[in-house]
Amino acid sequence: MKITIKVAGHAKEYISGGKSEITLDIDVPFTPNELIEKLGINKGLVSAITVGDTIKRWNEPITEEDIKKGITIISPVGGG
Amino acid sequence: MLYGYAGKIARINLKNRTVKVDEVTEEMARNWIGGRGFIAYYVWKEQKGVKPLTPEHNLYLMTGPLSGTETPGSGKFDIGHLSPLTGGYGDSNVGGKISKAMRDAGWDGLILEDISPEPVVIYIEDDKIEFVDASDLWGKGTFEVEEILKERYGQNAEILVIGPAAENLAKFSMIHHDLGRQAGRTGVGTTMGFKKVKAIVVKGSGGKIQYARDEEFKKIAREAIVACTKSDNYQFWVKYGTTSVVQWSNENGAFPTRNFFTSYLENYEKIDGRYMIETYDVKHKGCYNCPSPCGKVMRFTYRGKEYVVEGPEYETLALMGGNLGINTDVADVAYLNWVTDNLGLDTISAGAVIGWAIEAFQKGIIPKSMVDGRELKWNDVETAEYLLEKIAYREGIGKILAEGVKYAAEFFGAGHEFAMQVKGQEISGYESRWAPGMMLAYATADIGAHHNRAWAITYDISVGHKITPETADKVIELQHIRPMFDMLTTCRLQWVELGLDLEYYAKLLSAATGIDWTLQDMLKASERVWNLTRMIWFRHKPGFGRSWDYPPKRWMEEPVPSGPAKGAVIPKEDFDKLLDDYYAKRGWDKNGKPTKEKLQELGILEFIEENM
């Protein structure tokens, strides 16, 4: 399934070259860990993957319903 | 006409009970902007030859030209001095509503001089500045005093207050505000306590400041607020604030654990933000005009009593949680947060000092006889609470620990290698043996170890935890951007977390002041302040130089024993090369002193030489 993921926070520069969105093909359901692996991102640059405002645990499935709510890669919080 | 500023600073002599007015000049505005820029300017100009905690030692409390305005996150306020903890330059910012009140009262800032003969509350209502006896408040905790003063002066009064720790001159005492915000670092509370100022109460009627292009300013500010709320991680940020960092920090081997012995806390989940939000009654709280409140106010029951605390946020979860080995429940950390806030101590330094004490005890450096026969233990709230009280009241072992971890190791002649401090200030919440940029940031921060000058850790991760030819550049870039916010006195979280374009701040500053600021000009001003604060250290600390810019030996000699960063360490020879690169790129000599050429470039050579 073709999906678009948002990328938020200061680590955008390292994750997506500064872009706010990434589009990719991925089998649904998938977990945050699988998403990160598919994108080839360093997991250390990701604080969380959210569906809406809710954090998905790393091995928790993301479903088609979740995709409709919007998926975001959240950068690590940048040091208070 | 100086737009964007009230144009005056109140110089309050506590001994004579007089108030004089310093004019804020256009030169000050153009060179130093405000906030920490004004603080550094004054410390250099008028504190030559002064030692902390003497009658000549001043405390500077400053707003900036964007404080208390429609700018998103404009509720910040900067307080600074020669630090009694380090002896060098120190400042600390506090969020809330105090800067708005100060500007509404018609003041850009305050300078507190000399010492009050008795405990006093300074009451400010517009032009009126009064000295009110505080003998009934002296000795009370910060929460109780703020509530009493709100009762006396009105709920619209904004208050800065110190606790018993500052009264007793514990060197890492903080100034508390708005029942949960602190100017925590460098012992700003200690200086206020030395002056016997229990509290400062501010009320302002507003309308005192004119902006050069008011409509344009408001329009840009509205756009900036909308941009913040449309950020893709806005909802996440508002929901979790900094509490979500605990998981990330552990997963990336950056979580201070048992006095920075290691960097991963087993079973950390019970002190992570997700657990806190899901388990407890947590409400959001923000500063003045903040569209993205990071504050999390937790209500919980502990030992049968109800508590409300703003927190714990990440630094407290790190230093009073992981650093003390506490992983039982976030309520344990929240309770210690409340105790520390009420006593008026910085949670970061307190957590680092207690962590040192526990390790020193377990290694036989601190004998049982000095701790009332107790065992000092990891993962033990009672150990932490016992030491906090001792520190705040300078009793027993507290007399030594209240001086900070550097002094404690010197006193005992042991434990230096795990005294987690730089320049005498305790390290905050990021274990850096796997993050060379972050280690450099801590080593070169201009107030002693503090993360908020340059948070370089994602850069470190992005390059595989290695030192690169660009590591020093990254740290320098961040050391100019981040403290710039402490000059404007606005929050940087809208930029760093929500991605607000930095150009907004140049537009806002230009519209507010009528001075044509570019972002580059502002960063140059920040670099100017950075070099000035560096010179303050050279002037006040004999022998200051390169040897003061190293992390603790633990970070250079002990590989991380466990967790994701197992085996990581940055040997001194590698750190030396990085430091050399940093100095060269800063235009400093091999001892880390700004060269005449650099000071000339920044337009401050004459100012420096006049007061050297």
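This is a predicted model: local features need pLDDT of at least 70, side-chain atom pairs count only at pLDDT 80 or more; totals for chains, interfaces and linings use all residues.
**Exercise 1. How many Å separate the centres of domain 1 of chain B and domain 2 of chain B, taken over C-alpha atoms?**

Residues are numbered from 1 along each chain as its sequence is written, and chains are lettered from A and ligands numbered from 1 in the order in which they are written.

Step 1. Chain B is divided into domain 1 (8-203), domain 2 (240-422) and domain 3 (432-499 + 518-610), with bounds that come from an automatic or database domain assignment.

Step 2. Taken over C-alpha atoms, the centres of domain 1 and domain 2 of chain B are separated by 26 Å.

Step 3. Across this boundary, 34 residues of domain 1 of chain B are in contact with 28 residues of domain 2 of chain B, where contact requires C-beta atoms, placed from the backbone, within 7 Å.

Step 4. On the domain 1 side, helix 4 (142-153) and helix 5 (164-167) of chain B each supply at least two residues, and the largest share, three residues, comes from helix 5 of chain B; helices here are DSSP runs of H or I with at least four residues and strands are runs of E with at least two, numbered from the N terminus.

Step 5. That side divides into 11 nonpolar, 16 polar and seven charged residues, with Ala, Val, Leu, Ile, Met, Phe, Trp, Tyr, Cys and Pro counted as nonpolar, Asp, Glu, Lys and Arg as charged, and the others, Gly among them, as polar.

**Exercise 2. Describe how helix 2 of chain B meets helix 22 of chain B.**

Step 1. The axes of helix 2 (residues 36-46) and helix 22 (residues 519-540) of chain B come within 10 Å and cross at roughly 35°; axes are lines fitted to C-alpha atoms, for helices over the stretch in contact, and angles run from 0 to 180 degrees between N-to-C directions.

Step 2. The residues of helix 2 of chain B in this contact are Arg36(B), Gly37(B), Ala40(B), Val43(B) and Trp44(B), and those of helix 22 of chain B include Ala525(B), Val529(B) and Leu532(B).

Step 3. The contact residues divide into eight nonpolar, two polar and one charged.

**Exercise 3. Locate Leu508(B) and the helix around it.**

Step 1. The buried residues of helix 21 of chain B pack against helix 1 (26-32), helix 7 (214-229), helix 19 (471-488) and helix 22 of chain B.

Step 2. Not counting residues up to four places away in sequence, Leu508(B) touches Leu66(B), Thr71(B), Phe217(B), Ile220(B) and Ala221(B).

Step 3. Helix 21 of chain B is followed by Gly514(B), with a positive phi near 80°.

**Exercise 4. Is Lys2(A) buried or exposed?**

Step 1. Lys2(A) lies in strand 1 of chain A.

Step 2. Lys2(A) counts as exposed because it has 7 C-beta neighbours inside 10 Å.

Step 3. Leaving aside neighbours within four places in sequence, Lys2(A) is in contact with Thr23(A) and Asp25(A).

Technical notes
Two residues are in contact if their C-beta atoms, placed from the backbone, lie within 7 Å. A residue is buried if 20 or more other C-beta atoms lie within 10 Å of its own, exposed if 12 or fewer, and partly exposed in between; C-beta atoms are placed from the backbone.
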